[in-house]
Amino acid sequence: MTKVQPYTPIPYGRQTVGAEEIDAVTQVLKGEFITQGPAISAFESAVADYCQVPYAVAFANGTAALHGAYVAAGLSAGDEAITSPLTFLATSNAMVFCGATPVFADIDPTTWNLSPEATQQALTPKTKALVPVHFAGQPVDLAAFYALADQHNLVVIEDACHALGGTYQQKPIGACRDMAVFSFHPVKSITTGEGGMVVTPHKHLYEKLLAFRSHGMVRDAAKFETLTPDPWVYEMQTLGYNYRMTDMQAAMGRAQMQKLSGFIAQREMLSQRYEAALASDPRVILQHPEPCGTSARHLFAIRINPQETRVSRREVYDHLVAANIRPQVHYLPVHLQPYYRNTFGTVPGQFPNAESYYETCLSLPLYPSLSLDDQDFVIAQLSKALG
Ligand SMILES: *Cc1c(COP(=O)(O)O)cnc(C)c1O
């Protein structure tokens, strides 16, 4: 391969934004509302319709959306919620925001998703919620988590931040039992710059999410508990935050929703090209697909097989960076972070599957506008790096 090194680094992920988003944002800026206007509910409806659920609540970011989902589920001091250590910090940090205790359970060594068996073993009388993460966009076996939740009266909150556009049993991810949470950070399936959303089939959760997003305020006089419903009165019944999304972001999100299936098709095509190039390479281990659905293909993560190459992950990483490619590592297991070790007493060795995954994993560039030439360059450089 003699391709000239790209001048602009090839990132592991990035946004795809066009004239439609620019037009949509411009329209908002020329109009009456730049926050709390009609663009918000239009975007919420677009996501709810896509996910085949009646309710969606937009948030300032995915972390705020997770926080909202946990509070709506009633998570508070003394409660435990179980999640995967192989996730972004926000999944468990937002549990801590509620005063609850994050409890980790190990991943399945082949699918890299939270293991239902390990989750079952982590249950205690304090467990209130299960928070499986659709890692890299690949759906978790929700039926196994629903069965646990039924048996123990738990709420299932899907961290679907990787998974908008994926499917579970022929239905979109987001067609959830309790709640599912999305992020619209630039590397995710669609973006609003920063942004997030909770979807739910339950009206009572929807109402809690709406109030929580905006200081705990209730504006519908029919729902007032004590105050006289003069037209200017809002009633604060619970504590909330200002976690609102702006109308510019929502308008951008709605334009992105119209491109979602195209984005996913492109991610699928590129992922299949990686698989075709790497499946028979013994130096590389690929994610084992879950048979229950289709991946949104958020990440193309590989493991380097230490039995088949003496080259370390760090050496592969450095080689790719020197070739102007920017791979990433998803994730340093959360229980190894000093905050978690100091606060919750987690220790190295506690989740061997997540830890050994971390030792050898690498996420290759994957985003809808990745050119085939750039992808071929990545594949060639990877092969060279693997020695
Ligand atoms: C991106 C992400 C989040 C947080 O979303 P933000 O929008 O960045 O706050 C949470 N969980 C997972 C798994 C994510 O990938």
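Rings of Phe, Tyr and Trp (for Trp, its six-membered ring) are taken as a pair if their centres lie within 6.5 Å; planes under 30 degrees apart count as stacked, over 60 as edge-to-face and the rest as tilted. By this rule the count comes to 16 aromatic pairs. Tyr55 and Tyr206 form one that is stacked, at 4.7 Å centre to centre and with 25 degrees between the planes. This pair links distant parts of the chain, since Tyr55 lies in strand β2 (residues 55-59) and Tyr206 in helix α7, 151 residues apart.

Before I continue, a word on the source. This is a predicted model, in which local features need pLDDT of at least 70 and side-chain atom pairs count only at pLDDT 80 or more, while totals for chains, interfaces and linings use all residues. Residues are numbered from 1 along each chain as its sequence is written, and side-chain values use heavy atoms, with hydrogens and water left out.

Phe88, Trp112, Phe135, Tyr331 and Tyr357 form one aromatic cluster. Tyr331 is also joined to His330 by a cis peptide bond, with omega about 0 degrees. Where is Tyr331 placed? Tyr331 is in the loop between β16 (325-326) and α11 (338-344). Gln36 is in the loop between α1 (19-30) and α2 (38-51). For context, most residues other than glycine have a negative phi, and most peptide bonds are trans.

One charged group also belongs here. The charged end of Arg313 sits over the ring of Tyr358, 5.0 Å from its centre (the criterion is CZ of Arg or NZ of Lys within 6 Å of the ring centre and within 35 degrees of the ring normal).

I turn now to helix packing. Helices and strands are DSSP runs, numbered from the N terminus: H or I with at least four residues, and E with at least two. Axes are lines fitted to C-alpha atoms, for helices over the stretch in contact, and angles run from 0 to 180 degrees between N-to-C directions.

Helix α3 (residues 62-72) and helix α7 (residues 203-213) pack with their axes 9 Å apart, at an angle of about 130 degrees. α3 and α7 are therefore oblique to each other (under 35 degrees counts as roughly parallel, over 145 as roughly antiparallel, 65 to 115 as roughly perpendicular and the rest as oblique). Which residues of α3 and α7 meet? Ala64, His67, Gly68, Ala69, Val71 and Ala72 in α3 meet Leu205, Lys208, Leu209 and Phe212 in α7, where contact means heavy atoms within 4.5 Å. These residues divide into 7 nonpolar, 2 polar and 1 charged (Ala, Val, Leu, Ile, Met, Phe, Trp, Tyr, Cys and Pro count as nonpolar, Asp, Glu, Lys and Arg as charged, and the others, Gly among them, as polar).

The axes of helix α9 (residues 260-278) and helix α13 (residues 372-385) come within 11 Å and cross at roughly 30 degrees. That makes α9 roughly parallel to α13. The contact of α9 with α13 has 9 nonpolar, 1 polar and 2 charged residues.

Finally, the axes of α2 and helix α8 (residues 247-257) come within 8 Å, again crossing at roughly 30 degrees. α2 and α8 are therefore roughly parallel to each other. Among the residues in this contact are Phe43 and Tyr50 in α2, and Arg254 and Met257 in α8.
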